[in-house]
Amino acid sequence: MAQLIFSEIKDKYSDYKKYKPWLRDNSYPDFCGYSWVIEQTSLTIDHYKPREHFPELEAKSKNLILCTHGCNSSKNDYHPDAKNRRTYKEYNYKIFNYREEDIGEYVQVEEDGTLIYSTVSCKERFYFNQKVFKFNQPHYKEVRKEYLMFLKALERLYKKYKESMREKMLVDLNEMIEYCSRRYIFYKLLNIKIPKQIEKLLTNKIKATCSFRTI
């Protein structure tokens, strides 16, 4: 079980956009909070509870989610508590909030990168989120599949290195650690099992580069 916990920050800005560096630091490197993949394009700030309907939360740090422009646009002004919303009026499910929930309790990832619901009780909510964010489109599945493949490759390479202690393997090992450390937030979000020795390598690598932690 793992819930992501962001570093503490005071609500000191009236302009919510000034929180973006803090959001990026905690969503290292550029992790979309709705599609759950690392994005190469610049991300935008979404208000989990839309500012149109909850103006008092516009500059509240706890209400901000870093995500792709596409996810932000698809979610639009949706929140089940917003009675006068324009979008998805026929639904009343909550959007998954990776800042407040243990997503791994509801969602699992298969080897081919497909996301599936964990329990029948969250089935309808899962499919609503899939409808909004389309996180099982081919591109996202291929990306997640690659994340899983590289984690397995790191485990195999580390085992070979420990057995042989061959110096020339260190370059490949460090490259693999670098790659997987940048996907660590994904692994933790979906409660993917990581051997203790591998987890230590990854956490040591990211200590100086991000501020989120897990419980």
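One cut-off before we start: a residue counts as buried when its relative accessible area is under 20%. Keep in mind that this is a predicted model.

**Stop 1: a serine.** Select S181, which you'll find in helix 5. Is S181 buried or exposed? Its relative accessibility is 2%, so S181 counts as buried. Now show its side chain: it reaches the backbone oxygen of E178 at 2.8 Å. Beyond its neighbours within four places in sequence, S181 is in contact with Y28, L202, K205 and I206.

**Stop 2: hop to L202.** Setting aside residues up to four places away in sequence, L202 touches S181 along with L151, L154, I177, C180, Y184 and I194. Zoom out to the largest nonpolar core, which has 64 residues; L202 is among those that touch the most other members, together with Y34, W36 and Y98. Elements giving two or more residues to this core include helix 1 (20–26), strand 3 (64–67), helix 5 and helix 7. Which element gives the most? That's helix 4, with 10 residues.

**Stop 3: helix 4.** Select residues 138–164 and check the end-to-end distance: at 1.5 Å a residue, these 27 residues should span 39 Å, and the end C-alpha atoms are 39 Å apart, so the two agree. Colour the buried residues of helix 4, among them Y140, R144, L151, L154 and Y161. The partners that the buried residues pack against include strand 4 (107–109), strand 5 (115–117), helix 3 (123–133) and helix 6 (184–189).

**Last stop.** Step just past helix 4 to M165, where phi is positive, at about 55°.

Conventions
Residues are numbered from 1 along each chain as its sequence is written. This is a predicted model: local features need pLDDT of at least 70, side-chain atom pairs count only at pLDDT 80 or more; totals for chains, interfaces and linings use all residues. Side-chain values use heavy atoms; hydrogens and water are left out. Helices (H or I, at least four residues) and strands (E, at least two) are DSSP runs, numbered from the N terminus. The expected span of a helix is 1.5 Å times one less than its number of residues. Buried means under 20% relative accessible area, exposed over 50%, partly exposed in between (1.4 Å probe, protein chains only). Contact means heavy atoms within 4.5 Å. A nonpolar core is a set of buried Ala, Val, Leu, Ile, Met, Phe, Trp, Tyr and Cys residues joined through side-chain atoms within 4.5 Å. A polar contact is a pair of N or O atoms within 3.5 Å; within protein, one must be able to donate a hydrogen and the other to accept it, and residues adjacent in sequence count only if both atoms are side-chain atoms.
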